[in-house]
Amino acid sequence: MTAATSPITKLRLPGTRWRAPLGIFIALVLSYLVIANGAGAQAQEQFINALTIGALYALIALGYTMVYGIIELINFAHGEIFMCGSFVAWGMITTFGFTGAITDLGVLAVVLVAVFLVSMFVMGIVGVIIERFAYRRLRNAPRLAPLITAIGVSFILQNLVFVGISNSIVTVPKLIPFTALSIGPVEIREINLFVIVLAVALMIALQLFITRTRLGTAMRSTAMDREAAQLMGVDINRTIAITFFIGSALAGAAGVVQTQYLGNTNFQVGFQAGLKSFTAAVLGGIGNTTGAAIGGFVIGFLEVISSVYGYGRWSEAVVFSALVLVLIFRPTGILGQQLADRA
Amino acid sequence: MTTFLDRPREFLRGHQSLAIIISAAIVLIVLPVVATFPPFNGFGVQRDWVGGFADAGVFVLLAVGLNVVVGLAGLLDLGYAAFFAIGAYTYAYGASSSNPVFGGLHIPFWIMLVVGAGVAAIFGLLLGAPTLRLRGDYLAIVTLGFGEIVPVVILNADTYTKGTNGITGLDQPNLYGLFGINSFGFQNPYLYFVTVVVIITIAFIFLQRLQDSRIGRAWVAVREDELAAASMGINTVTTKLLAFAIGATTSGLAGAFYASKLGIVSPDQFGFTVSFTVLAMVVLGGMGNVWGVAAGAFVIYEIQHTGLKQLGSFVQGLHLPVVELGPLKIDLASINFINYQYLLYGLALVAMMLLRPEGLFPSRRRRLELHEDTDEVAEFIAEEALEP
């Protein structure tokens, strides 16, 4: 089975239970050493920074990989959904009238939950609408047609924001106080901790949803063989719509993370973040959710390492080279093939 | 029904290159003349129009080249502007008075046209060779990345490219006294217009011949069913690679010409919007049909550079009242229509793919294929085979 048809799969394999955690652990230690070599005293900060950026890319990459897994379409509009999500967050926060960090923990929690839920829900609906009106009719068309449609939708979203909301950078108040917590020897800012924990929680929830629920099973079977799944009574249209909803909701969450972590957004953020996240998805083996998450972190580390060594301006070139190298030497990605075969 | 036009039409169908040359001659004479008549003369003098036509010609060339990749071979190339940039910068390195790398080098324009195209072709091969072995989708994303990276590299490698400032003082084409013309100079758009029409004519003839050759049929076969094409003995990778490289070559050629006309190259001329615009031209014009694509490119270019501006001043001239709908204030006169162009392209692409995927001026084969009516396609192919 090729990577292209690889379904959404789970990581845990009999007999290889410890291989993946061990590999991740070794990779983390190695990247810490590489960062420490370049950043010196700021190693810890940069390492956490890499994890945070990686979490952001991972959240976006999940949507790419889920959509590709189920209908084999590179959803170019996905990066723009992330961008729109950040604008929903900006709209809500400025409408509520917040201008800076919220010190009251209760208020902060309520506001954050509200912003995340609304952004995720709105973007999920947008994703479903896009699928319904732009992609569904082209499901059996020649491959070029939906790809061109996707790039068209991406331009529509980007330019709707451009002409309708803002043609430059908008600043978004960071709601989470800019203070650091000490956990043992580790010092970590609240925002970084929040982003990493949130992303990991969402990923675990997604994994559980895909592997443990009826809908998740329907998604996996649709990804594997659409017609067979249909014959088994799976409602294909509904399943694909749900896939778009979840993927877009995750991108919406990533949009909120963008505003809270970086404190700004603009109509162009979706393009580059989308490109990098797609690279992450390919890196992890497209169609594979665990792979996409890992790929996201790999991209985060690549980016931070290149900036630590003074090549921050070249981070895009580094990521792109990574994409081309992966495609040359291992087109099925880090995890892709092995898992697909045993699915 | 037979009319007196049938015989010449039949003749031109058999002599396509001649048809192309005649059309080019007509375009060459008619366009500058039309520009002097109302309403067009109200928008600008003939000189400006002809300068605009020369720029439009660059985009026609770009669109015709992309048509080979997207329309004929069915590969989505989203980084087409990168090859345009490579051609333009190659020209700047070969013929500029402020050359950051090869100072003092002044290679003639005509040689640099070929060099620019060649360098772009090499980059096309380097990028396509690893990617085209994989599924078509990967090409889209790799070219998208490449199109994004090239301007970034040009911007950042400022020791070699002068970064944002760009390379200035590019040489003008020179005919060395042929027809009494020496250097073209910036003042005379007519010479550029003639040159671009000549280049387009040559490219057209070349591509038309290629399309009707064994290679052209191989492209269509790969596009329609890669597996079947491979089973018939077509080497799908080299076939796709050739299409991709020819696209890159045309783009590089256009880039070299564009650089000499503008006299300056800078990274912001080659962003993703250029790739996207050219893609919109190909899709709207009709993928696979050279004539349709060329017409689409010309029309879109003129709308973009003259139409939207004129629409703006036209609406302002109407003195429409400002409509207030609660908090929403609609003031048409304050709308800058140029800002909406990419939104319009996006809408047009989606609408086109959903409603009329074969484009406004489709090739017949492409139309049948996109509508998936197998019987009709078979009928058409049989019909084509019977033709002498």
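Predicted model: local features only at pLDDT ≥ 70, side-chain atom pairs only at ≥ 80, totals over all residues.
A:Ala58 touches A:Ala199, A:Met203, A:Ala280, A:Ala292, A:Ala293, A:Gly296 and A:Phe297, leaving aside residues up to four places away in sequence. A:Ala58 belongs to the largest nonpolar core, which has 218 residues. Together with A:Leu59 and B:Ala63, A:Ala58 is among the residues with the most contacts inside that core. Helix α2 of chain A, residues 43–71, supplies the largest share of the core, 18 residues. As background, nonpolar side chains in soluble globular proteins tend to be buried together.

Now step back to chain A as a whole. Chain A has 13 helices and 4 strands. Its radius of gyration is 20 Å, close to the 20 Å that the globule rule gives for 343 residues, so chain A is as compact as a globular protein of that length. Along the principal axes, the C-alpha atoms of chain A fill a box of roughly 55 × 50 × 35 Å. Of the 343 residues of chain A, 50% count as buried. Contacts can also be sorted by sequence separation. Among contacts in chain A with a separation of 6 or more, 79% are between residues 24 or more positions apart.

A:Thr259 sits in helix α9 of chain A, residues 236–262. Is A:Thr259 buried or exposed? A:Thr259 counts as buried because 27 C-beta neighbours lie inside 10 Å, and the cut-off for burial is 20 or more. Setting aside residues up to four places away in sequence, A:Thr259 touches A:Ser86, A:Ala89, A:Trp90, A:Val172 and A:Thr265. A:Leu175 is 84 residues from A:Thr259 along the chain, yet their C-alpha atoms are separated by 9.6 Å.

Next, the strands. In chain A, β2 (residues 180–183) and β3 (residues 186–189) run antiparallel and are joined by 4 bridges. A:Ser182 stands opposite A:Glu187 of β3(A). The hairpin of β2(A) and β3(A) has 2 residues between the strands. Within this hairpin, A:Gly184 takes a positive phi near 60°.

Turn to chain B. Its secondary structure comes to 17 helices and 4 strands. Of the 388 residues of chain B, 45% count as buried. Residues 24 or more positions apart account for 76% of the chain B contacts with a separation of 6 or more.

One helix of chain B deserves a look. α13(B) has 14 residues. From its first C-alpha to its last, α13(B) reaches 20 Å, close to the 20 Å expected at 1.5 Å a residue. α13(B) is mostly covered, with 13 of its 14 residues buried. Just after α13(B), B:Gly286 takes a positive phi of about 120°.

Finally, the two chains together. How many residues of chain B are in contact with chain A? There are 35, and they meet 32 residues of chain A. Four elements of chain B give two or more residues each to this side: α6 (109–131), α7 (136–156), α13 (272–285) and α15 (341–355). α7(B) gives the most, with 13 residues. By type, the chain B side divides into 25 nonpolar, 7 polar and 3 charged residues. Thus α13(B), with 13 of its 14 residues buried, is also one of the elements on the side of chain B that touches chain A.

Conventions. Residues numbered from 1 in each chain as written. Chains lettered and ligands numbered in written order. Contact = placed C-beta atoms within 7 Å. Nonpolar A, V, L, I, M, F, W, Y, C, P; charged D, E, K, R; others polar. Rg over C-alpha atoms; globule rule 2.2 N^0.38 Å. Buried ≥ 20, exposed ≤ 12 C-beta atoms within 10 Å, placed from the backbone. Expected span 1.5 Å × (residues − 1). Core = buried A, V, L, I, M, F, W, Y, C linked by C-beta atoms within 7 Å. Pairing = 2+ DSSP bridges.
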